[in-house]
Amino acid sequence: MSFESKENIENKSGVRTEEMVLNMGPQHPSTHGVLRLEITLEGELITKITPHIGYLHRCFEKHAEAMTYPQVIPYTDRMDYLASMYNEIGYVIGVEKLLKIEVPERVEYIRVIMGELQRIASHLVALGTYGVDIGAFTPFLYCFRDREKILHLFEITCGARLLYNYIWIGGLSHDLHPDFVRLTREFIKDFKPNIKELNNLLSYNKIFIDRTANVGILPVDTAINYGVTGPNLRASGINWDLRKDDPYSVYHKFDYEIPVGEGKAGTVGDSWDRYYVRVCEMEESLKIIEQALDTLPDGDIASAIPKRIKPPAGMIYSRVENPRGELGYFIISDGTINPFRVKVRAPSFVSLQIMDELCRGHLVADVITILGSIDIVLGEIDRE
Amino acid sequence: MKEYFSNIFNALSTVWTGMKITFKHLFIPSVTIQYPEVRLQLPERERNRLYVNMDDCIGCDQCARACPVNCITIETVKSIPGDDLGKTSNGKKKALWVTRFDIDFAKCCYCQLCVFPCPTECIYMTDVYEFSEFDRDKLIYEFSTLTKEEKREKLERLDRHYNEREADKLGRM
Amino acid sequence: MIYDVINNLTGSPVLSAVIVAMLPLFLFILPFALVAVYLERKVSAHMQDRLGPMRVGYHGVLQTIADIIKLIQKEDIIAKDNDKLLFNIAPVLVFVGSYAAFAAIPFTSIFIGAQIDLGIFLIIAVTGLVVAGILMAGWASNNKYSLLGAMRAVAQIISYEIPTILVVLSLVMMTGSMNLYTLSEMQTGYFWNWNLFGGNYDILQKLLLIPFMLIGFIIIYISTLAEVNRTPFDIPEAESELVSGFHTEYSGMKFAMFFLAEYANMFAVSAIVAALFLGGYQSPFGYLGNLIGAEWLVPIEQFLWFTIKGVGLVLVQMWLRWTLPRLRVDQLMTVSWKYLIPISFVNLIIIGLITIL
């Protein structure tokens, strides 16, 4: 870690202050990816943070212009690699709207099930790594043990654990495995007591609450002004979830609640709230999966897949509720087999901007707490 | 004052709850396995290294076109009439000599997009995942079954065939 | 007894005193530090539903030896601007401060490293050398953040020594002796006579004392946990915090010395707590040797009981490490100054009152 000292900066009142610039470099065990934070300190308090990104840029949007529509799907997987199903769903919904095709109901239900399982897996990573940042090493392993079961479910369905290429334009690549429903029900039964265990071990622990409550409070109007969505916005008290407020797919058929931050351990919108909203969301996802499994219709999943995907010229913006926020795809098609432009609105990119506002006036040790609670993934930020 | 004591009590009780959980986990058998002595059984739809069955390949180039990262390179030579290349397993007659079928596994992203367009299902994904090499060039797998001399011979025969046809045409005119 | 044997061998009382004082160190603690590293890895692994070291030796028993061999053959890096003398002395001081305390710890009734009337006082004083060592390590590293980390570690150790001393003081007041050997002897009988349960007094005094002894036990356990820099108080060693610790610039054998010193320190403070509160080397159920008439068996049993108690407390320390998250620096100080010190003062006064009346 390097530091430079800008000595003798005269501020307006003529008093000499010494500001120090601390660099939390691209390689650091606690930034979730390759992120460089330039922290300006005055004593122990932070005055400014500038994030530097771009270390993981892999030119997704340029690649998408050279690929055909089905070939873009493996690329979309790799943006937010912890929640790949949602990346695919977002893109596929957009293209299906451009093509004006309707998918069978069974396909919609399976997409919802996969999406919610993926949400649980992504939140497990976020919570586990947040625990490690705070210093509790054990919940990380418990979270990953549960995540292994979800990844096994994905593996028997489509063959891959992390980057699926499962949701195709007009349908899915494989139908559900015959064992899938049984294994998922077993998983749900095993997972409910594990959430309670995680709460007892980490969420309600006094030391954890002392570390995270009242740290990094995000006021509501700041959140809306920056465009923050997802659990970060819900923790500040606003009930906004795309699954209820702008429903896509078959979400309107299920009965679930949206957890909203209430400031149980401190003020509304602090880090503990952001953490706890994610824990509650996992429970709600379990409800959705159960209902979807109970009402899963039969059907043919490949009946609506078009032979040649050549949407008419047009533009569309489709959005889904990622575990990190609102993931948006703006697709411009010019009538050929390659899209003209695919622009992605990544939720972590927007959430990273609030780091500066949240960290002002806090101690250096709180930077990691706040960064972990925002839950960013660098693949999404650098737009691959 | 009351908050002081409630803080202490809260701290001690939550710490004790946490300790009970980790103590319980001491006696749960471990969930990890001792790889490489014990290996997990992979499911049947598992996507790992590709395999091409060259007896069935008709050289149609669909898989190379479907690949998003262009890791498959196919070169074919037309066969002259009267050549017998054999049949594929579902009875079709092959018409192209496949002289080059390279898959570069350093580029392959294991997305499975090449498996679906194949009309004879000769390219498919196996469950082999331990194929690391020290040298990146060794990851280019060459599936073509013709030797170098055979390839050259096929090209020459095709050239000769075309030349004869041109000569015929000129002769007739 | 052992002292006489060695005295006959060497003929010089000073030399034999020195050798006798060093015996527990080399025969017990050094091997124990090696075992403790392995134990920690296995305990943490099983708490996390995994297996830990399994390959080196049967179930990984030789893992620590492999690690020590690796550390010995590493290059010893000293940066150009480091203060060479302080840099080299710092690990030695930390090592000595942790290990020298073992001279006064009562392992059995017939053998004690150094029979000193000021036993507990000596231990607390000698472990203060660790503070000087840590400061030297931080300063000599020529790294602004190592210095900050070292200063935080020193502040932590010093502020947590106060509750320790206060609790020890209350116990000394109650029993009237600072000699650890006498303290252990006073807790003969069954476990009902241990200091945790009121000590060797009449029933009324015992019942009055029990809650305060319990409070004292918890306070001293927490403050000794902070003195050895274990989670939840491990700010000086945390890698994922922003500021590097005081031993980041060390490599190879010096680093190994810091680590072995930490595990020995853990056992030292557990041994102190065991000797003070849990009856030292006394067995809770009476001696098997006395039962079957083999008198020579008794010291061995005492040694076993002492080890069991010490290792048990060390295991509880490890258990706490893998359960709890880390406290922030200002919260650390709050816990010590606003919670532990006032409560231990009140404890002291009340125990004094009960003892007098």
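# Briefing: chains A, B and C

Asn70(B) sits in the loop between helix 2 (62-66) and strand 2 (72-78) of chain B. This is a predicted model. Phi of Asn70(B) is near 55 degrees, a positive value in a residue that is not glycine. Most residues other than glycine have a negative phi. With a relative accessible area of 53%, Asn70(B) is exposed. The points below start with chain B, turn to chain C, and then take up charge and backbone.

**Chain B: build**

- Chain B has three helices and five strands.
- Their order along the sequence is α-β-α-β-β-β-β-α.
- The radius of gyration of chain B is 30 Å, while the globule rule gives 16 Å for 173 residues, so chain B is more spread out than a compact globule.
- The C-alpha trace of chain B spans about 115 × 35 × 35 Å along its principal axes.
- Of the 173 residues in chain B, 36% are buried.

**Chain C: build**

- Chain C has 13 helices and zero strands.
- From the N terminus on, its elements read α-α-α-α-α-α-α-α-α-α-α-α-α.
- The radius of gyration of chain C is 21 Å, which agrees with the value near 21 Å for a compact globule of 357 residues.
- Along its principal axes, the C-alpha trace of chain C spans about 65 × 50 × 45 Å.
- Buried residues make up 55% of the 357 residues of chain C.

**A positive patch on chain B**

- Lys78(B), Arg165(B), Lys169(B) and Arg172(B) form a patch of positive charge on the surface.
- Helix 3 (residues 148-172) of chain B gives the largest share of this patch, with three residues.
- Arg165(B) is in helix 3 of chain B.
- Arg165(B) counts as partly exposed because its relative accessibility is 45%, between the cut-offs of 20% for buried and 50% for exposed.

**Salt bridges within chain A**

- Over all chains, the whole structure holds 44 salt bridges.
- One of them pairs the side chains of Lys192(A) and Glu290(A), at 3.7 Å from N to O.
- This pair links distant parts of the chain. Lys192(A) is in helix 6 (residues 180-203) of chain A, and Glu290(A) is in helix 11 (residues 271-294) of chain A, 98 residues apart.
- Lys192(A) is partly exposed, at a relative accessible area of 43%. Glu290(A) is partly exposed too, at 30%.
- Arg324(A) forms a salt bridge with Asp375(A), and their closest N and O atoms are 3.5 Å apart.
- That pair also links distant parts of the chain, 51 residues apart. Arg324(A) is in the loop between strand 7 (314-322) and strand 8 (325-333) of chain A. Asp375(A) is in the loop between helix 14 (366-374) and helix 15 (378-381) of chain A.
- Arg324(A) and Asp375(A) are both buried.

**A bridge between chains, and a network**

- The side chains of Glu37(B) and Arg55(C) form a salt bridge, at 3.1 Å from N to O.
- Glu37(B) lies in the loop between helix 1 (2-26) and strand 1 (50-52) of chain B, and Arg55(C) in the loop between helix 2 (13-47) and helix 3 (63-72) of chain C, so the pair joins two chains.
- Glu37(B) is exposed, with a relative accessible area of 55%.
- In chain A, salt bridges with shared partners tie seven named residues into one network: Glu116(A), Arg119(A), Arg234(A), Asp241(A), Arg243(A), Glu281(A) and Glu321(A).

**Backbone points**

- The peptide bond from Tyr35(B) to Pro36(B) is cis, with omega near 5 degrees.
- Most peptide bonds are trans.
- Pro36(B) is in the loop between helix 1 and strand 1 of chain B. The loop between helix 1 (2-26) and strand 1 (50-52) of chain B also holds Glu37(B).
- Ser249(A) has a phi near 55 degrees, a positive value in a residue other than glycine.
- Ser249(A) is in the loop between helix 10 (242-245) and helix 11 of chain A.
- Ser249(A) is partly exposed, with a relative accessible area of 21%.

Terms used. Residues numbered from 1 in each chain as written. Chains lettered and ligands numbered in written order. Predicted model: local features only at pLDDT ≥ 70, side-chain atom pairs only at ≥ 80, totals over all residues. Heavy atoms only, no water. Patch = residues over 30% accessible without salt bridge, like charges linked within 9 Å, V, L, I, M, F, W, Y side chains within 5 Å. Areas by Shrake-Rupley, 256 points an atom, 1.4 Å probe, with all protein chains shown as cover. Salt bridge = Lys/Arg side-chain N within 4 Å of Asp/Glu carboxyl O. Lys, Arg positive; Asp, Glu negative; His and termini not counted. Charge placed at Lys NZ, Arg CZ, Asp CG, Glu CD. Helix = DSSP H or I, 4+ residues; strand = E, 2+ residues; numbered from the N terminus. Buried < 20%, exposed > 50% of the residue type's maximum accessible area, 1.4 Å probe, protein only. Rg over C-alpha atoms; globule rule 2.2 N^0.38 Å.
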